Amino acid sequence: MATTSFFVRVEFGDCDPAGIAFFPNFFRWFDAASLHFFRSQGVPPWRETEKTIGVLGTPIVETNCRFLVPVTYGDDLEVRTTVEAWRNKSFSMRHELRRSGELIAESTEVRVFASRHPTEPG
């Protein structure tokens, strides 16, 4: 399976008063890495897939994260992303957040292929 790398620099505003990256930012970085993964694999923007195959996106229905080492502003991070499993209506992605090769955090997420309801498209 394909693995992509997405790079992030931790900014001052990503951190709490102690200088440690606030945990919701990890999920923001993982979400950006997911989009990067799809783009790198040739998936067009969701507004195009909705027109062509009816898929308007891939929302998360389950996620978790294991935090191993804190990060702070100025740190350069790499998010390695892969799809672990494909199912009929969903798939699972794995993200590994690394700093200079060291594993900082790891996350999995389950996403579904979303489309508009046929009788209630709004």
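Which side chain meets Glu106 in a salt bridge? The partner is Arg94, with an N to O distance of 2.6 Å. The coordinates come from a predicted model. This pair links distant parts of the chain, since Glu106 lies in strand E5 (residues 102–112) and Arg94 in strand E4 (residues 90–99), 12 residues apart. Glu106 has 13% relative accessibility and counts as buried, because the cut-off for that class is under 20%.

A second pair is formed by Arg99 and Glu102, whose closest N and O atoms are 3.6 Å apart. Elsewhere, salt bridges with shared partners join Arg66, Arg94, Glu96, Arg98 and Glu106 into one network.

Another salt bridge brings together the side chains of Asp14 and Arg28, at 2.7 Å from N to O. Here too distant parts of the chain are linked: Asp14 belongs to the loop between strand E1 (3–9) and helix H1 (24–40), while Arg28 is in helix H1, 14 residues apart from Asp14. Asp14 counts as buried, with 10% relative accessibility. Arg28, at 45%, counts as partly exposed.

In total, the rule gives 12 salt bridges. Side chains of opposite charge can pair when their charged atoms come close.

Key:
Residues are numbered from 1 along each chain as its sequence is written. This is a predicted model: local features need pLDDT of at least 70, side-chain atom pairs count only at pLDDT 80 or more; totals for chains, interfaces and linings use all residues. Side-chain values use heavy atoms; hydrogens and water are left out. A salt bridge is a side-chain nitrogen of Lys or Arg within 4 Å of a carboxyl oxygen of Asp or Glu. Helices (H or I, at least four residues) and strands (E, at least two) are DSSP runs, numbered from the N terminus. Buried means under 20% relative accessible area, exposed over 50%, partly exposed in between (1.4 Å probe, protein chains only).
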